[in-house]
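Let us walk through this fold step by step. Keep the sequence and the model side by side as you read.

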Amino acid sequence: MAEKPETVDDYIASFDAEVQAMLRRVQLAIHAGITEGGARDAPETISYGIVRVSINGRYGIYFGAWKKHIGMYPVPVFEGELEKEIAPYRSGKDSVNFVYGLPLPESLITKAAAEITRRTLAR
């Protein structure tokens, strides 16, 4: 990426076709989860050089493409089955990575985004 993108579409378009497709799938899965979690709106912006999806105008979920993976942040530690499902993708305290070339767990991304949304709205 040579210059800073101004829009989410510009950001996604700056990657090759395979990564663009994966980013769009992550984007759709996050939005599905935010809706499932009860948010009424989820505007997108570029923040810290990656995509931020706000939850009702509040703190949001970030995702971005890197050399070997797509990252999603912040993903808090969950309880029970959801944490067991997401654990293999954890790369740090509050982040998960989806490695290129491996199956993308879209339903898991949606479940995580829904739980993050519920927690955000409960604050």
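Two strands count as paired if DSSP finds at least two bridges between them. Helices (H or I, at least four residues) and strands (E, at least two) are DSSP runs, numbered from the N terminus. E2 and E3 run antiparallel and are joined by 5 bridges.

A word on the basis. This is a predicted model, in which local features need pLDDT of at least 70, side-chain atom pairs count only at pLDDT 80 or more, and totals for chains, interfaces and linings use all residues. Residues are numbered from 1 along each chain as its sequence is written, and side-chain values use heavy atoms, with hydrogens and water left out.

Now the whole chain. The protein chain holds 4 helices and 6 strands. Along the sequence, the pattern reads α-α-β-β-β-β-α-β-β-α. The C-alpha atoms fill a box of roughly 40 × 30 × 20 Å along the principal axes. The radius of gyration is taken over C-alpha atoms, and the globule rule is 2.2 Å times the number of residues to the power 0.38. For 123 residues a compact globule would come near 14 Å; the protein chain has 14 Å, which agrees. Buried means under 20% relative accessible area, exposed over 50%, and partly exposed in between (1.4 Å probe, protein chains only). Of the 123 residues, 46% are buried. A contact means heavy atoms within 4.5 Å. Among contacts with a separation of 6 or more, 52% come from residues 24 or more positions apart.

Next, the sheet. Strands of a sheet pair through backbone hydrogen bonds, either parallel or antiparallel. Here 6 strands form an open sheet in the order E1-E2-E3-E4-E6-E5, with antiparallel pairing. Its edges are E1 (44-47) and E5 (90-92), each pairing on one side only. From one strand to the next, the twist averages 30°. E1 and E2 are antiparallel over 4 bridges. Within that pair, Thr45 stands opposite Arg52 in E2.

Two helices meet this sheet. Their angles rest on axes, which are lines fitted to C-alpha atoms, for helices over the stretch in contact; angles run from 0 to 180 degrees between N-to-C directions. H2 packs on the sheet and touches E1, E2, E3, E4 and E6. The direction of H2 makes about 160° with that of E3. H4 lies across E2, E3, E4 and E6, at about 155° to E3.

Look at H4 itself. The expected span of a helix is 1.5 Å times one less than its number of residues. H4 (residues 106-122) has 17 residues and reaches 24 Å from first C-alpha to last, close to the 24 Å expected. Its buried residues include Leu108, Ile109, Ala113 and Ile116. What covers the buried residues of H4? The cover includes helices H2 (17-36) and H3 (80-86), along with strands E2 (50-55), E3 (58-65), E4 (69-73) and E6 (95-99).

Turn to the loops. Most residues other than glycine have a negative phi, and most peptide bonds are trans. E1 and E2 form a hairpin with 2 residues between them, and Tyr48 in the turn has a positive phi of about 55°. Asn56 lies in the loop between E2 and E3. Its phi is near 50°, again a positive value in a residue other than glycine. Asn56 is buried, with a relative accessible area of 16%.

Finally, the aromatic rings. Rings of Phe, Tyr and Trp (its six-membered ring) pair if their centres lie within 6.5 Å; planes under 30 degrees apart count as stacked, over 60 as edge-to-face and the rest as tilted. That rule gives 3 aromatic pairs. In one of them, the rings of Tyr48 and Tyr62 have centres 6.0 Å apart and planes at 50°, so the pair is tilted. It links distant parts of the chain, 14 residues apart: Tyr48 in the loop between E1 and E2, and Tyr62 in E3. Tyr48 is exposed at 75% relative accessible area, whereas Tyr62 is buried at 12%. The rings of Tyr89 and Phe98 have centres 5.4 Å apart and planes at 50°, so this pair is tilted too. Tyr89 is partly exposed at 26%, while Phe98 is buried at 3%.
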